[in-house]
Amino acid sequence: MLTIARRRPERWDKPLDPGMSDRAVDRLLRVPPFVAMDPAAFPRTTPLRDLLKHDTRLLNREPGQIVVREGDYGSSAFLVLDGQARVTLENLPPEALGRSARRSGGLTRAIARLFSQRQTPEVRPADAVLPTPSLPGGGVFLQDMPAVLSSAGVAALGPGELFGEQAAITRAPHTATVFAETPCVLLEIRWQGLRDLMRHTPALREHLDTLYRRNHLKNHLRSTPLLAGLTDAALDRVAASVRFASFGEFDWSERAKADAVLDPVERLRREPLVVEEGQPVESVVLVRNGFARLTVAVGEGHRTIAYLGRGRTLGAEEIALAADRGEGPKWRRSLRAVGHLDTLLVPPEAFLKEVLPTIPGKQRRRWAERAALPDEEHQPAIGAAAARTLDYLVDQRLTNGTQAMVIDLDRCTRCDDCVRACAAMHDGNPRFVRQGDQHDTLQFAQACMHCVDPVCMIGCPTGAIHRDEATGVVRINASTCVGCSACANSCPYSAIQMVELREPSGAIVVDGDTGQPLLRATKCDLCNGLPSGPVCQHACPHDALVRLDLTNPSTLAAWSQH
């Protein structure tokens, strides 16, 4: 078989800014937080200087130009070196952000694709380069900046402040829009460089925790319904008492495949315990990120009674009822982390003094009434079948998916029209297989779910697998994929495949040094850019296949019953 030799791509073949100079790096090493970093703490393969030289770039922004947009998925953090930026926490219309409400050109691209199908599988021309996800170079000018300032709550960001780090680290959307208020000089740090900086030195983590406490904590607390009645002064006192705590593993995907085949009792035992039933309540727990399982002891085992996601709280009810009885509060249930869980902990003393007096008597009576009910009545009346399905989704970590492929096996005739449509869309190479885990009459196919927490991105050394900032679609940049298989090995759902790279002539591309075929990662891209959306769903003649957001399990229940 014909082969063509090519050099294996490496991580820094495509630096964020090819023009980043050694002089600029020297200047960065003299400012916080880099001045506090010990170069000896970094491995020889990724020294601190090289991280700054290849994974950062300097940006100049004029007044009114957007730096990050609310709702866009973060792929970089930004350090203000000079000038002042302004953040608004109120969502702005697409027109004000320089973006049209709908993307154009999708129909043209779809028609062009019909006439450009290749016969050779997985062709990757050498010059096919997707743009590295990052800040648009030209920026966007806001025509009516005073209207933004007068109609939305804003906050200033000055030299030394870092923003966008939470979105970049957690692979989540930005929660605010940031624009330059004065001429600004910023340092953009793409997320894989940010990850390595955090991995090898505590300086950046300490810097981020300090900034989160100073810049984000009160906004989080203010948005929590339980704390809605606090005055600004009381909120300040509660914020000063808060502790940060994380449970579980950030790289939880490494064990997810093995955990999926375990006995449910053993799987539950492995989930990190956050609070334990019967033990004294030492804090009110606010879920900051992640997912947690609420259980109650039944004999020698535990029964799941609810799940808590971001914004949910636990412990207020126990403290309030115990205060009414003049007793010390104890946990009525246990809470366990499902995957990785970030929490904020409010001490009972702060809750009793600042929060409890603001809780309406009606709410406290409702807590007392609910405490007298059996635990199984605490859940919404969703039915036994729906409750079993919810348990299954959590046990299999499927609640991580925003675009899961669900197939109703009672409707599916196994015609494979969905697979053929996908193949036609992707040069004869389908991006999923019509198989996967089954629960009752539902099958969860092995197709990329474009997860809330795409753990496939954690280990990618080049950032080739990334989120589209505007759409949230998880994509793979073929030109920067080095074929290391880190994403495929991390994906708990077997949704990423490694394939041989070929030239348009059909020749297999091999490593010039080892002679082994070069591999690239491939997966579902949600038919990105196609006006109709995923063709697999629209090709099904029996309405048996759908792409669903399983972060809200009620959507699955509604679809399965229609």
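**Cysteines**

I looked up Cys412 and found it buried, with a relative accessible area of 14%. I use buried for under 20% relative accessible area, exposed for over 50% and partly exposed for values in between, with a 1.4 Å probe and protein chains only. This is a predicted model, in which local features need pLDDT of at least 70 and side-chain atom pairs count only at pLDDT 80 or more, while totals for chains, interfaces and linings use all residues. Residues are numbered from 1 along each chain as its sequence is written, and side-chain values use heavy atoms, with hydrogens and water left out.

How many disulfides does the structure hold? I found 0, taking a disulfide as a pair of cysteine sulfur atoms within 2.5 Å. For Cys412 the closest cysteine sulfur is that of Cys415, and at 6.5 Å it is too far for a bond. For Cys491 the closest is in Cys456, at 6.4 Å, again too far for a bond. Cys491 is buried as well, at 7% relative accessibility.

**Overall counts**

I noted 19 helices and 24 strands in the protein. Helices (H or I, at least four residues) and strands (E, at least two) are DSSP runs, numbered from the N terminus. Of the 562 residues, 50% count as buried. Among contacts with a separation of 6 or more, 78% come from residues 24 or more positions apart; contact means heavy atoms within 4.5 Å.

**Helix H12**

Is H12 largely enclosed or left open? I found 7 of its 10 residues buried, so H12 is largely enclosed by the rest of the structure. The buried residues are Ala316, Glu317, Glu318, Ile319, Ala320, Leu321 and Ala322. Their cover includes strand S12 (284-298), strand S14 (313-314), helix H13 (348-355) and H14. Just after H12, I noted a positive phi of about 70 degrees at Gly326.

I then took H12 (residues 316-325) against H14 (residues 361-371): the axes come within 10 Å and cross at roughly 95 degrees. Axes are lines fitted to C-alpha atoms, for helices over the stretch in contact, and angles run from 0 to 180 degrees between N-to-C directions. The two helices are therefore roughly perpendicular; that term covers 65 to 115 degrees, with under 35 roughly parallel, over 145 roughly antiparallel and the rest oblique. On the H12 side the contact uses Ala316, Glu317, Ala320, Leu321 and Asp324, which meet Arg364, Trp367, Ala368, Arg370 and Ala371 of H14. By class, I have 6 nonpolar, no polar and 4 charged residues there. Ala, Val, Leu, Ile, Met, Phe, Trp, Tyr, Cys and Pro count as nonpolar, Asp, Glu, Lys and Arg as charged, and the others, Gly among them, as polar.

**Val285**

I found Val285 in strand S12, buried at 1% relative accessibility. Val285 and Leu344 lie 59 residues apart in sequence and 6.0 Å apart in space, C-alpha to C-alpha. Beyond its neighbours within four places in sequence, the contacts of Val285 include Arg312, Trp331 and Leu344.

**Open sheet**

I traced 4 strands in an open sheet, in the order S17-S18-S16-S24, with antiparallel pairing. Strands pair if DSSP finds at least two bridges between them. S17 (433-439) and S24 (545-548) stand at the edges with a single partner strand each, so one side of each lacks a neighbour in the sheet. The twist averages 40 degrees from one strand to the next. S16 (residues 404-408) is joined to S24 by 4 bridges, and Met405 stands opposite Arg547 in S24.
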